[in-house]
Amino acid sequence: AGAAAPVTGLAAMPIAALLSTYGAALKVELGARALQEVALRVAEGAANKVRDDVKTFTGKETYAFGDLTSEAMKRAGLVEEDYQFGDISKSAVKRAGQAVTGDD
């Protein structure tokens, strides 16, 4: 069999010497990586929670622009059918007119 190649460079340094030489830099690098990983996990968790809450609120598996407003307007009784852009303004004008004239 062949002889093992001599160990050189960082691999030849005892771990204590390696850590004393590069310890501070390793701590900073590992700390920064750990912080990035934690931030990524928190952001992913928050995004998943928002996505799940939107599904629960709207009752829809996929979100389309305006779904939250549409569901909120239905729940508030401001629109009777599916919400469309401008319905809030129309409802506000209608209700203001009813308040002025006393009509229901």
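Ground rules. It is a predicted model: local features need pLDDT of at least 70, side-chain atom pairs need 80 or more, and totals for chains, interfaces and linings use all residues. Residues count from 1 along each chain as its sequence is written, and side-chain values use heavy atoms, without hydrogens or water.

Elements next. The chain has three helices and zero strands, in the order α-α-α from the N terminus. Helices here are DSSP runs of H or I, at least four residues; strands are E, at least two; numbering starts at the N terminus.

Take α3, residues 87-101. Its 15 residues reach 21 Å between first and last C-alpha, close to the expected 21 Å. That expectation is 1.5 Å times one less than the residue count. Just after α3, Gly102 takes a positive phi of about 80°.

Now contacts, meaning heavy atoms within 4.5 Å. Of those between residues at least 6 apart in sequence, 0% join residues at least 24 apart.

Burial: 12% of the 104 residues are buried, that is, under 20% relative accessible area with a 1.4 Å probe, protein chains only.

Last, the largest pocket. Its lining splits into two nonpolar, three polar and six charged residues. Gly counts as polar; Asp, Glu, Lys and Arg count as charged.

Technical notes
Buried means under 20% relative accessible area, exposed over 50%, partly exposed in between (1.4 Å probe, protein chains only).
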